[in-house]
Amino acid sequence: MKILIAYATTEGQTRKICRFCADALIDNGHSVELLNLGDDEDGLDLSRFDAAILAASLHLGAYQVAIENFAENHSTTLENIPTMFLSVSLAVASGEADDLNELEEIAQRFFENTGWHPARVEHVAGAFRFTQYDFFRSLAMRWVAAKQGQKVDPNKDREYTDWDALHRAVLDFAQSV
Ligand SMILES: Cc1cc2nc3c(=O)[nH]c(=O)nc-3n(C[C@H](O)[C@H](O)[C@H](O)COP(=O)(O)O)c2cc1C
């Protein structure tokens, strides 16, 4: 199959996640186009694809504007092919019911606002990227980590992504198509 993976990222973890998904699909005989949204969408013909995976990360309770625009602009085509959404966040790593409910609400709002309703949604744990944060962002994220009971070293990145679960989810999606 020809599969589009379109993503928006702020600090890079969602790109890493999407590259991993692309490799998994290619290893299973699929052909994949990776698209960094907002970068190079001109002339994109979505009808070339058998399925699409869209991915974005949460910052202050919202996904990137680039994915909102893309999902809204292409909602009609996306509604007609099998699609999966990867929602990258840190809240999912807490495993707390309140956090998971809030993530679900944010995702549902995103689908209602854009008119795109993916068949499958996966909440994927992201990463603290302390090596990329500025002073204030680093301070804020240390507070977030403390609130979640996570011990972090502010000089080191910390990744929570469960690569095995992601591998299973992406291949399961491709197989279901
Ligand atoms: C300024 C800032 C705000 C964030 N806000 C949220 C949030 O509201 N909810 C959440 O679960 N994670 C939040 N995160 C965590 C990011 O979703 C996580 O770091 C993710 O891996 C970022 O993905 P990216 O590198 O692809 O941008 C925030 C991170 C930063 C730096």
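Reply: On a 1 Å grid over the protein atoms alone, a pocket is an open set of points where a 1.4 Å probe fits, with protein on both sides within 12 Å along at least five of seven lines. A molecule sits in one if more than half of its atoms lie within 2 Å of its grid points. The ligand takes up the largest pocket. This is a predicted model, in which local features need pLDDT of at least 70 and side-chain atom pairs pLDDT 80 or more, while totals for linings use all residues. Numbering starts from 1 along each chain, and side-chain values use heavy atoms, without hydrogens and water.

The shell (residues with a heavy atom within 4 Å) has 20 residues, with Thr 9, Gln 13, Thr 14, Leu 58 and Ala 127 the closest. Domain 1 (2-126 + 161-176) and domain 2 (129-160) both contribute to the shell, so the ligand lies between them; the bounds come from an automatic or database domain assignment.

Among the polar contacts (N or O pairs within 3.5 Å), the side chain of Thr 14 has an N or O atom 2.5 Å from a ligand oxygen. A backbone N or O atom of Leu 60 is 2.8 Å from a ligand nitrogen. α1 (13-27), β4 (83-89) and α6 (135-147), which are DSSP runs (H or I, at least four residues; E, at least two), each supply at least two shell residues.

Note on methods
Polar contact = N/O pair within 3.5 Å; in protein donor to acceptor, adjacent residues only side chain to side chain. 1 Å grid on protein atoms, 1.4 Å probe; cavity = no way out; pocket = protein on both sides within 12 Å on 5 of 7 lines; lining within 4 Å.
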